[in-house]
Amino acid sequence: MNGAIHGRTVSSVSRQRRRRLVMSFEMVRLDRASSEPLYQQLYRQIREELESGSFDSSASRVPSSRVLAAALGISRPTVNEAFSKLLAEGYLQARKRSGIFVADHLPATFLKAARLATTARTEHSPRVARRVTRMTDRRSGRQLDVGIAGPPTVTFVAGLPAVDEFPIAVWERLREQVLAKKGAHLLRYASSRGEIELRKAIAAYLCDFRGANCHPDQIVVVGGMQQAMLTCALALINEGEVAWIEDPVCHMARNVFAFVGAKIVPRPIDREGLVIGKCSRQNSPRLIFVTPSHQFPFGVTMSLKRRKALIEFAESRDGYILEDDYNSEFRFDGPPLPCLQGLDNAGRVIYAGTMSKILYPSLRLGFLVAPPQLVDTLVKVRAVMDQHSPAIDQATLARFITEGFFLSHVKRVRELYAQRRVFFIEQFQKWLGDYFDLEVTPAGLHCIAWLRRREDLPLFMRAREQTGVWPRPLSFFCIKAQLDPAFVFGFAAWPQAQIEQGLAKLASAIKQLKQRGAGNGSPFQIHPFSPAASSYWPATAVP
Ligand SMILES: Cc1ncc(COP(=O)(O)O)c(C=O)c1O
């Protein structure tokens, strides 16, 4: 079978080709009044016709430019321009001495897989792994579309920074600069430890400003605090082993430790921070999660005595402490306290920080500072998840820090948050002061408002529903802690006018509900509270 092409002889193929019809392009309609050039209209309409696949499959030859120009009443160069574009993009093929043909495989078909016919199946609940059913995240459907903060109007959700104050123009300029300097290098797979410039910049910042004691080689760049926690939990806790977490705690910590199958042991908080208490050897925690700079949500700063005791305890039980240096930059009554990591001579503290509150949360950049003996393990675990954080953002952040923009941004927003905090307190007293005692701590981006009368809780829950203004109930963050009813109000993310508007909205909804007597016999589930234990009572209550 000499000269066979795909099972057919050359002579049979050419006979078939000769029989092929010339495409007529009757569908072409050119609009001379349009701002779209004629050649472009012709190019587009032929391409659409070819992509639609509706042309006669025996007609694959294209009319000559002379014939088509005459048929459409346009010049040959116009037709030739449209043809050269279609030839360049692979829709047409020129064959020597034969003319122009439709390409055997149109460019679009390289990208488009055929859709296989499937029959609709009835819905069933999927069998998922235990680690998923253990998760505390109960969101579904549309709830998963919105970030944890909800819509961009005033919500008072805690822990959100003022993203509209972020210097986007500076960031963009630095990003362009790093791309111009490093080019395609930044597009390759990058180090799972993190870009070296960024690790150096972070280490210098932590040693100069956070009282840390670390080398850039101890830093692992991660995708925010959540990934920092997950990396440590996966690296250090086997299923069923104990993890201590503060109670109340940020909900994502609970979710992460439940996900990895840790036996979560909630620890209460007193005025000095996490309570160590008694604990049998076999129940020793493998990992202890704490927020010593500013306990979330209480705002307690861990005392020096407790910090030392915690490190000693971790060492004596061969455990590790995961220090989330939450909101350490945002103290309003003096300089921040040095971190726990700086006190640790025993190699027991893993320090974790995030850019989510200082810069912006969608950046998804954070870092771990690990004792040297743990670094490689954490890097390997982190690499399993997503190899590394985006290199362009890391390089931009390194410049943002080394060129001083990071510190000046922290300084500027700290002043802004201090003003918003004072304004929030004033307005809160004006609008909701009759219902709550506001607890004001000297640091952080939220306040806790304790309800004066428990019977107002259903009323307030209903007002939240009605207004879409969503301060979270304190009980949302509790594991075992049984506290008096209270709400956590974030204040940093919204300008003064919006803060006032949000509080006024809540106050007016409560008033109307009261007038209608809606608080009585409400169907809302009330968190089971007991008389407040003294250790949970607010430190400073604004009457
Ligand atoms: C205590 C605490 N730490 C850190 C974060 C930030 O987490 P991430 O870096 O994953 O955005 C939060 C989120 O609100 C938090 O509540």
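The model is a predicted one.

- Strand β17 (residues 446–451) is mostly covered, with six of its six residues buried.
- Cover is present on both faces of β17: His446, Ile448 and Trp450 are buried on one side, and Cys447, Ala449 and Leu451 are buried on the other.
- Strand β16 (residues 436–439) runs antiparallel to β17 and is joined to it by four bridges.
- Asp437 has Trp450 of β17 as its bridge partner, and Trp450 is among the buried residues of that strand.
- Six residues lie between the strands in the hairpin of β16 and β17, where Gly444 takes a positive phi near 95°.
- Strand β19 (residues 486–490) also pairs with β17, in the antiparallel sense and over five bridges.
- The bridge partner of Ile448 in β19 is Val488.

**Val410 in helix α14**

- Val410 is located in helix α14 (residues 405–432).
- Val410 counts as buried because its relative accessibility is 5%, which is under the 20% limit for that class.
- Beyond its neighbours within four places in sequence, Val410 is in contact with Glu329, Phe330 and Ile358.
- Val410 and Phe330 are 80 residues apart along the chain, while their C-alpha atoms are separated by 8.4 Å.

**Salt bridges**

- Arg44 and Glu48 meet through their side chains in a salt bridge, with an N to O distance of 3.7 Å.
- These two residues are four apart in helix α2 (residues 38–52), so about one helical turn separates them.
- Arg44 is partly exposed at a relative accessible area of 26%, and Glu48 is likewise partly exposed at 39%.
- A salt bridge also joins the side chains of Arg134 and Glu239, at 3.7 Å from N to O.
- This pair links distant parts of the chain, 105 residues apart: Arg134 is in the loop between α6 (130–133) and α7 (168–182), and Glu239 is in the loop between α9 and β8 (242–246).
- Arg134 counts as partly exposed at 27% relative accessibility, whereas Glu239 counts as exposed at 52%.
- Asp456 and Lys514 form a salt bridge in which the closest N and O atoms are 3.4 Å apart.
- Asp456 lies in the loop between β17 and α15 (457–467) and Lys514 lies in helix α16 (residues 496–515), so their pairing ties together parts that are 58 residues apart in sequence.
- Asp456 is buried, with a relative accessible area of 6%, whereas Lys514 is partly exposed at 39%.

**Ligand surroundings**

- The residues around the ligand are Gly224, Met225, Gln226, Cys250, Met252, Phe296, Asp324, Tyr326, Thr354, Ser356, Lys357 and Arg364.
- Gln226 places a backbone N or O atom 3.0 Å from an oxygen atom of the ligand.
- In the side chain of Asp324, an N or O atom is 2.6 Å from a nitrogen atom of the ligand.
- Lys357 has a polar side-chain atom 2.8 Å from an oxygen atom of the ligand.

Conventions:
Residues are numbered from 1 along each chain as its sequence is written. This is a predicted model: local features need pLDDT of at least 70, side-chain atom pairs count only at pLDDT 80 or more; totals for chains, interfaces and linings use all residues. Side-chain values use heavy atoms; hydrogens and water are left out. Buried means under 20% relative accessible area, exposed over 50%, partly exposed in between (1.4 Å probe, protein chains only). Contact means heavy atoms within 4.5 Å. Two strands pair if DSSP finds at least two bridges between them. A salt bridge is a side-chain nitrogen of Lys or Arg within 4 Å of a carboxyl oxygen of Asp or Glu. A residue is near a molecule or strand if one of its heavy atoms lies within 4 Å of it. A polar contact is a pair of N or O atoms within 3.5 Å; within protein, one must be able to donate a hydrogen and the other to accept it, and residues adjacent in sequence count only if both atoms are side-chain atoms.
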